[in-house]
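Hi,

Here's the structure I promised to pass on. Have a look at it first, and then read on for what turned up.

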Amino acid sequence: MAEATAEKKSAESKKTEDKSTANSKEKAKLSVVPNSEGDAVSKPKKDFLGISTLAVSVANVGMLVAMGWIVNKMAAQVKELQTKTTALIEVSNSEEKERTEAKEKRKKLEAKLIGKDLVTPPQGTLYPLDSFLVNISSDQGAKFLQTQLELELSDPSVEEEVTKKRAAIRDAIIVLLSSKSYKELKEPNGIKNLRNEVQKAVNSLLTTGSIKEVFFTQFHFN
C-alpha cells in the first residue's frame, strides 16, 4: 500500500515537472516568436516616414529647379533689356549727332547767305546834290520836307552831263517833292516809291548815261 502511494506521488511529481517543462518551453517559444501585430503597425509607420521624406526632398529639388529656371529667365530678360537700352541710346546719340551736324551746316549756310546779303555791291560814281526844302500838303496843317540825296551814276562820264544839267535836275526834283503829300510819304513804301520817281525824272533829262540808284542821306519833316 505504501509502495503504491509512493509510486503515485512519484508519478504526480514527474507529471508536474513535465508540465512545468512544457510551460517553460511554451514561454520560450512565445518569447522567440515576434509579435506580428506590433510589427504590422511599426512597418507602415516607417514606410510612411520614408515616403514623406522622399516627397519633401523631391518637392525641394523641384522648387530649386523652378527657382533656377525663373532666375535664369529673369537674367535673360534683364540682359535683353540692357541690350535694347544700349541700342536705343546708340540710336539716340546717332540721331543727336546727325541733328547737330545738320544744325551746324544750316548755320554755316545761313551765315553765308546773310554774308552775301550784307555785302554791299560796289557803288559807282556818286553825285551829291544840295539839300531840298519844300512845302507839302497835309491834313495836319502846313508841313515842310527837308531832304538831301545823292545820285549813283551808271558811268563816271555821266558826271559831266549831270553837272551841266544840275539846275534842271534840281527843278525836276523840287516839282516832284512838292507834289507829294505828307500821307503818301509816311506810307510804308512812300520813300521807296519817291526814290523810283526821282530816278525816272532825272533819267528823262540825261542822254549820255543814266542814274542807277538814288540814295536819301537826309529825310525829315518839320
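Which residues in H4 meet which residues in H6? Keep in mind that this is a predicted model. On the H4 side they are Ile169, Ile173, Leu176 and Leu177, and on the H6 side Leu194, Glu197, Val198 and Val202. By class, that contact has seven nonpolar residues, one charged and no polar ones. To find the two helices, look at residues 166-178 for H4 and residues 190-203 for H6. They pack at an angle of about 145 degrees, their axes are 10 Å apart, and the crossing is right-handed.

Now for the rings. The structure holds three aromatic pairs. One of them is Tyr182 with Phe221, an edge-to-face pair with 5.0 Å from centre to centre and 75 degrees between the planes. This pair links distant parts of the chain: Tyr182 is in helix H5 (residues 182-186) and Phe221 is in strand E4 (residues 211-221), 39 residues apart.

Phe216 and Phe219 pair up too: their ring centres are 5.3 Å apart and their planes are at 80 degrees, so this pair is edge-to-face. Ring pairs join Tyr182, Phe216, Phe219 and Phe221 into a cluster.

How buried or exposed are they? Tyr182 has a relative accessible area of 18%, so it counts as buried. Phe216 is buried as well, at 18% relative accessibility, while Phe219, at 21%, is partly exposed; the cut-off for buried is under 20%.

Lys143 lies over the face of Tyr182, 4.8 Å from the ring centre, and Arg170 lies over the face of Phe132, at 4.2 Å from the ring centre.

Cheers

Methods. Residues are numbered from 1 along each chain as its sequence is written. This is a predicted model: local features need pLDDT of at least 70, side-chain atom pairs count only at pLDDT 80 or more; totals for chains, interfaces and linings use all residues. Side-chain values use heavy atoms; hydrogens and water are left out. Axes are lines fitted to C-alpha atoms, for helices over the stretch in contact, and angles run from 0 to 180 degrees between N-to-C directions. Helices (H or I, at least four residues) and strands (E, at least two) are DSSP runs, numbered from the N terminus. A crossing is left-handed if the near helix is turned anticlockwise from the far one by less than a right angle, and right-handed if clockwise. Contact means heavy atoms within 4.5 Å. Ala, Val, Leu, Ile, Met, Phe, Trp, Tyr, Cys and Pro count as nonpolar, Asp, Glu, Lys and Arg as charged, and the others, Gly among them, as polar. Rings of Phe, Tyr and Trp (its six-membered ring) pair if their centres lie within 6.5 Å; planes under 30 degrees apart count as stacked, over 60 as edge-to-face and the rest as tilted. Buried means under 20% relative accessible area, exposed over 50%, partly exposed in between (1.4 Å probe, protein chains only). A charge sits over a ring if NZ of Lys or CZ of Arg is within 6 Å of the ring centre and within 35 degrees of the ring normal.
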